[in-house]
Amino acid sequence: MKNLFFLLAFLVSTVSLAQSRTPRTFLLVHGAWSGGWDYAKVDALLTAKGDKVYRPTLTGLGERVHLSNANVNLSTYISDIVNVIRFEDLHNVILVGHSYGGMVIAGVAEQVPDRIRQLVYLDAMVPNDGESARDVCGPIWDA
C-alpha cells in the first residue's frame with residue numbers, strides 16, 4: 001500500500017509538472033514622475049515565466065516629455081492606457097498601477113471593464129468613485 005501511495009504521488013506530480021501554465025498579460029502603469037522603463041526588471045522576470053508584459057510611458061513624461069503641455073491630465077493618461085489595451089487587442093489584463101498610476105488604472109477600469117482581469121494597486125492612490133488625486137491625498141496635497 002505504501003508503494004502504491006508513492007507511485008500515485010509520483011504520477012500526480014509528473015502530470016502536474018507536464019501541464020502548461022497559461023501566460024498572463026500584465027499592463028504596468030507607472031507613477032507621476034517615472035516611466036515604463038522603471039519596470040524593466042519586473043518585465044524580464046515575468047517574461048521569463050512566459051507572461052506578456054506592457055509597460056508604456058504616459059504622455060508628457062520620461063521619454064515622452066516632448067508631448068507635455070498644459071492640456072495633459074488624468075484623462076490623457078487614462079486614454080493612453082485604454083488605447084494600449086484596444087490597439088494591442090488585450091483581454092484578461094492584470095492592470096498594475098503604482099503611486100499616481102492608481103488613479104489611472106481606476107479610470108481605465110471604468111472605460112474597459114470587460115478587458116480587465118484584475119486591478120493591482122501597488123503603493124498607489126486608490127480613489128473612490130468621483131474622487132480626484134487631491135481628494136485621495138487630503139491635506140498632504142497642499143503641504
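Ala, Val, Leu, Ile, Met, Phe, Trp, Tyr, Cys and Pro count as nonpolar, Asp, Glu, Lys and Arg as charged, and the others, Gly among them, as polar. The model is predicted, with local features needing pLDDT of at least 70 and side-chain atom pairs pLDDT 80 or more, while totals for chains, interfaces and linings use all residues. Residues are numbered from 1 along each chain, and side-chain values use heavy atoms, without hydrogens and water.

**Exercise 1.** Describe how α3 and α4 cross.

Step 1. The axes of α3 (residues 74–87) and α4 (residues 101–111) come within 9 Å and cross at roughly 55 degrees.

Step 2. Therefore α3 is oblique to α4 (angles under 35 degrees are roughly parallel, over 145 roughly antiparallel, 65 to 115 roughly perpendicular, the rest oblique).

Step 3. Residues in contact (heavy atoms within 4.5 Å) include Y77 and R86 of α3 and V104 and Q111 of α4.

Step 4. By class, this contact has nine nonpolar, two polar and one charged residues.

**Exercise 2.** Classify the residues that line the largest pocket.

Step 1. The lining of the largest pocket consists of L74, I78, M103, A106, G107, E110, P127, N128, D129, G130 and E131.

Step 2. Helix α4 gives the largest share, four residues.

Step 3. The lining divides into five nonpolar, three polar and three charged residues.

Conventions:
Axes fitted to C-alpha atoms, helices over the stretch in contact; angles between N-to-C directions. Helix = DSSP H or I, 4+ residues; strand = E, 2+ residues; numbered from the N terminus. 1 Å grid on protein atoms, 1.4 Å probe; cavity = no way out; pocket = protein on both sides within 12 Å on 5 of 7 lines; lining within 4 Å.
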